[in-house]
There are 2 protein chains.
Amino acid sequence: MIPPEKITSLKNPRVKQLVKLRDRRPRDEAGVFLVEGYRQIRRALEKTVALREVYFSREWFLGENEDTLLAEAEAAGATLFELSKDAFAKVAYRERPDGLLAVAPQWHLRFEDLKLGVAPFLLVVEAIEKPGNLGTILRSADAAGCDAVIVCDPVTDIFNPNVVRASTGVLFSVPLVVAESREVHTWLKDNGIRTAATTPHTDNLYTKTDLTGPLAVVMGSEQYGLSKFWMENSDVLVRIPMAGQADSLNVAMATIITLFEAVRQRT
Amino acid sequence: MIPPEKITSLKNPRVKQLVKLRDRRPRDEAGVFLVEGYRQIRRALEKTVALREVYFSREWFLGENEDTLLAEAEAAGATLFELSKDAFAKVAYRERPDGLLAVAPQWHLRFEDLKLGVAPFLLVVEAIEKPGNLGTILRSADAAGCDAVIVCDPVTDIFNPNVVRASTGVLFSVPLVVAESREVHTWLKDNGIRTAATTPHTDNLYTKTDLTGPLAVVMGSEQYGLSKFWMENSDVLVRIPMAGQADSLNVAMATIITLFEAVRQRT
């Protein structure tokens with residue numbers, strides 16, 4: 001491989017740009033996002049995400065396979081940049097950097113891009129605020145075998161570095177559509193997909209409600225729960241029984257419980 | 001109330017001690033632990049945890065009810081200390097402090113302290129490493145109505161500040177016993193409590209396995225999964241079906257799925 005460009009100055013424009021990409025606007029303007037760390041970059045390559053650039057710093061490496069990873073990334077079309085220890089410390093987003101940071105192109109699926117079978121199994125989440133929750137929810141949808149996740153009226157964007165991290169790479173594989181609630185509702189109706197939304201304000205137990213067939217499980221946001229729109233426009237409301245204190249279940253926990261009950265009923 | 005002692009020096013012995021209490025050994029030696037933040041302290045008071053000291057700094061307050069909380073804590077026997085902004089910044093453990101930090105006594109339940117009904121429903125967790133996972137697991141056990149949680153061969157201690165935080169106060173209410181695996185196994189046998197342990201290495205689906213009656217759900221650690229001991233000594237092994245990538249479910253997610261399936265079967 002051609003020796004990569006070396007960057008040592010903290011004022012290098014690429015260093016500055018990497019720091020900017022932690023924020024949503026510059027990320028959206030550039031149409032890219034950050035993928036940090038060996039494991040995440042490995043996952044991105046496995047899922048054939050076309051990494052544009054990989055920044056590395058040997059002084060931060062923790063393992064022995066970094067060079068193999070870099071060679072694979074380069075072979076897949078990424079440009080490599082070698083950073084000094086200080087320069088990498090500046091661009092690293094994680095608390096414990098491992099000397100690897102990539103820039104990947106954003107993508108945006110539309111409903112038309114989704115390939116649905118006879119009985120689609122979807123997850124719809126409203127306005128999730130915490131990137132960590134959104135990442136965990138993506139993992140749950142992956143584990144439960146959801147065909148796609150639809151994010152309504154997003155508060156946190158799906159390319160936030162903490163979503164990438166918390167999703168443990170599922171972001172690179174699970175089909176994900178971002179849209180407005182009304183649009184989502186219309187599309188679900190048009191495709192004959194029933195909606196089951198979780199809320200404490202119903203008597204229907206989620207385990208006693210039919211969750212088979214074409215289904216979209218709908219989850220509200222952390223702070224506000226299910227919105228009025230979905231309360232009024234879902235085909236069925238379901239409740240998870242709670243034994244303990246009121247806030248023992250957060251949205252990520254409620255999501256995985258509901259999805260795996262649907263899996264049980266569907267198999 | 002008597003005006004509380006004021007602390008402004010960063011070298012004050014109390015300030016130094018609070019910083020030390022972030023680590024396990026000084027915490028265990030003093031037999032206390034830290035409870036930080038309005039919400040956690042409120043929970044501790046509700047659960048009649050006998051807070052010994054509450055340290056506060058008005059300059060960090062975020063709300064309007066802090067004085068009421070302080071008065072309640074003092075009425076319940078806690079000694080108050082007012083800290084300067086800088087002194088509080090030093091003792092605060094959280095990223096965004098809210099000017100409230102309490103010291104509470106540790107407690108240690110033994111098996112004899114547990115009050116069990118005819119069909120106890122327990123959670124046994126092995127050697128959990130990440131405090132955040134242990135906290136989330138405690139929340140799940142609370143939401144599922146477990147009678148107690150038994151922590152085997154702990155790696156993270158239950159009074160770690162991140163366990164306290166992630167448990168959102170459940171630590172103050174859920175009965176929790178720490179013991180060695182063999183001792184736990186003997187006690188469960190003696191009490192006629194069946195063990196169902198989750199592992200990918202079995203064909204028994206968790207949803208097709210009887211989880212009613214006296215039951216202890218057993219979960220392995222993050223890194224190593226279920227230990228040889230519990231693989232060999234559990235009454236039944238159960239598996240959660242996984243559709244996605246191998247590590248989509250972490251131990252906290254697998255725990256909540258299993259517990260809520262047990263709840264479904266038991267009601």
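This is a predicted model: local features need pLDDT of at least 70, side-chain atom pairs count only at pLDDT 80 or more; totals for chains, interfaces and linings use all residues.
Biologist: Which residue of β11(A) stands opposite A196(A)?

Modeller: Strand β11 of chain A spans residues 236-238. β9(A) and β11(A) pair in the parallel sense over three bridges. The residue of β11(A) opposite A196(A) is V236(A).

Biologist: How many of the five residues of strand β9 of chain A are buried?

Modeller: Being buried here takes 20 or more other C-beta atoms within 10 Å of the residue's own. Strand β9, residues 194-198 of chain A, is mostly covered by that test. For the whole of chain A, 43% of the 267 residues count as buried. In β9(A), the number is four.

Biologist: Now to chain B: which strands stand at the edges of the sheet?

Modeller: Six strands form an open sheet in chain B, with parallel pairing, in the order β8-β7-β6-β10-β9-β11. Two of the strands each have a single partner, so one side of each is left without a neighbour in the sheet. Those edge strands are β8 (176-179) and β11 (236-238) of chain B.

Biologist: At about what angle does helix α10 of chain B run to β10(B)?

Modeller: Helix α10 of chain B, residues 251-266, lies across β6 (121-126), β9 (194-198) and β10 (215-219) of chain B. Relative to β10(B), α10(B) runs at about 160°.

Biologist: Which element supplies the largest share of the side of chain A that touches chain B?

Modeller: In this contact, 23 residues of chain A meet 24 residues of chain B. Both α6 (131-144) and α10 (251-266) of chain A supply at least two residues of that side of chain A. The side of chain A divides into twelve nonpolar, seven polar and four charged residues. The largest share, six residues, comes from α10(A).

Biologist: And inside chain A, which element gives the largest share of the side of domain 1 that touches domain 2?

Modeller: Chain A is divided into domain 1 (5-105) and domain 2 (111-266). Their contact takes 13 residues from domain 1 and eight residues from domain 2 of chain A. On the domain 1 side, α2 (24-30), β2 (32-36) and α3 (38-46) of chain A give two or more residues. The largest share, four residues, comes from β2(A).

Biologist: What distance separates the centres of the two domains of chain A?

Modeller: The C-alpha atoms of chain A fill a box of roughly 65 × 40 × 35 Å along the principal axes. Taken over C-alpha atoms, the distance between the centres of domain 1 and domain 2 of chain A is 31 Å.

Biologist: One more for the whole chain: what is the radius of gyration of chain A?

Modeller: The secondary structure of chain A comes to ten helices and eleven strands. The globule rule gives 18 Å for 267 residues, and the value for chain A is close to that, so chain A is as compact as a globular protein of that length. The radius of gyration of chain A is 21 Å.

How values were computed
Residues are numbered from 1 along each chain as its sequence is written. Chains are lettered from A and ligands numbered from 1 in the order in which they are written. Domain bounds come from an automatic or database domain assignment. Two residues are in contact if their C-beta atoms, placed from the backbone, lie within 7 Å. The radius of gyration is taken over C-alpha atoms; the globule rule is 2.2 Å times the number of residues to the power 0.38. A residue is buried if 20 or more other C-beta atoms lie within 10 Å of its own, exposed if 12 or fewer, and partly exposed in between; C-beta atoms are placed from the backbone. Two strands pair if DSSP finds at least two bridges between them. Axes are lines fitted to C-alpha atoms, for helices over the stretch in contact, and angles run from 0 to 180 degrees between N-to-C directions. Ala, Val, Leu, Ile, Met, Phe, Trp, Tyr, Cys and Pro count as nonpolar, Asp, Glu, Lys and Arg as charged, and the others, Gly among them, as polar.
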